[in-house]
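Colleague: I have the sequence and the coordinates open, and I would like to go through a few places with you. Could you take me through them one by one?

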Amino acid sequence: MIGAFRLESQMLPGNGKFEKTGLGNDSKCKEATNTAFNFLKVNAMRVSGSISTTLKNYIVNYQDFQGIGMTEKLALPTLIALCYIALGKPTITSLAVLGEISIGGTMIKVDDLANSLQVCLDSGVKKVILPMTSALDLSTVPSDLIGSFNII
């Protein structure tokens, strides 16, 4: 089953720790979140010179809305959440992040795009961040479903 998940993030003064809550003992989920933080540590200066991964602690809480179990595709959404808080920017309301990123920065396309977008619509999402690797798959999605979103 495909589900919607909420990420809440916070940054505090500290020494570069990354804490994640709401994942339980799922090692694959934790590995995906660590991929995001490690990517940020390596590429922080490419994102912004104001990001510090050594003088701040980052906390992200993950919530499973439907109780279907946490997804293992958390690297890209976690990276985006970490960047927002590191830059002190407010998050975009009603935003969904689809797709995944590898530790090397390769964007991985969305599996089952049409069903993923339907879950987004059912969850009240208005804006969707979609990797360009999934652009060709948009032709397989009904136009009325695509028209329900502002695709970024």
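Predicted model: local features only at pLDDT ≥ 70, side-chain atom pairs only at ≥ 80, totals over all residues.

**Helices, loops and a strand**

Modeller: Let me begin with α2, which is mostly covered, since 12 of its 12 residues are buried.

Colleague: Which residues of α2 are buried, for instance?

Modeller: Among them are Ala75, Pro77, Ile80, Tyr84 and Ala86.

Colleague: And how far apart are the end C-alpha atoms of α2?

Modeller: They are 16 Å apart, and this agrees with the span of 16 Å that should follow for 12 residues at 1.5 Å a residue.

Colleague: What comes after α2?

Modeller: Glycine 88 follows the helix, and its phi is positive, near 70°.

Colleague: At what angle do α1 and α2 pack?

Modeller: Helix α1, residues 27–47, and helix α2, residues 75–86, pack at about 45°, and their axes are 8 Å apart. The two helices are therefore oblique to each other, and their crossing is right-handed.

Colleague: Which residues meet there?

Modeller: On the α1 side they include Ala32, Thr35, Phe39 and Val47, which meet a set in α2 that includes Thr78, Leu79 and Cys83. By class, the residues of this contact divide into 10 nonpolar, 3 polar and no charged.

Colleague: Changing topic, is threonine 53 buried or exposed?

Modeller: Threonine 53, which sits in the loop between α1 and β3, is buried, because its relative accessible area is 11%, under the 20% limit. Leaving out residues up to four places away in sequence, threonine 53 touches Gly16, Phe37, Leu40, Lys41 and Tyr58.

Colleague: What about phi of serine 94 and of aspartate 112?

Modeller: Serine 94 has a positive phi of about 55° although it is not a glycine, and phi of aspartate 112, also a residue other than glycine, is positive and near 55°. As background, most residues other than glycine have a negative phi.

Colleague: Where are those two found?

Modeller: Serine 94 is in the loop between α2 and β4, while aspartate 112 is in the loop between β6 and α3. Serine 94 is partly exposed, with a relative accessible area of 35%, and aspartate 112 also counts as partly exposed, at 43%.

Colleague: Last one: what is isoleucine 59 in contact with?

Modeller: Isoleucine 59 lies in strand β3, residues 56–64, and, apart from neighbours within four places in sequence, it is in contact with Glu8, Ser9, Gln10, Leu12 and Glu19. Isoleucine 59 and arginine 46 are 13 residues apart in sequence, and their C-alpha atoms are 22 Å apart in space.

Definitions and conventions:
Residues numbered from 1 in each chain as written. Heavy atoms only, no water. Helix = DSSP H or I, 4+ residues; strand = E, 2+ residues; numbered from the N terminus. Contact = heavy atoms within 4.5 Å. Axes fitted to C-alpha atoms, helices over the stretch in contact; angles between N-to-C directions. Parallel < 35°, antiparallel > 145°, perpendicular 65-115°, else oblique. Left-handed = near helix turned anticlockwise from the far one by under 90°. Nonpolar A, V, L, I, M, F, W, Y, C, P; charged D, E, K, R; others polar. Expected span 1.5 Å × (residues − 1). Buried < 20%, exposed > 50% of the residue type's maximum accessible area, 1.4 Å probe, protein only.
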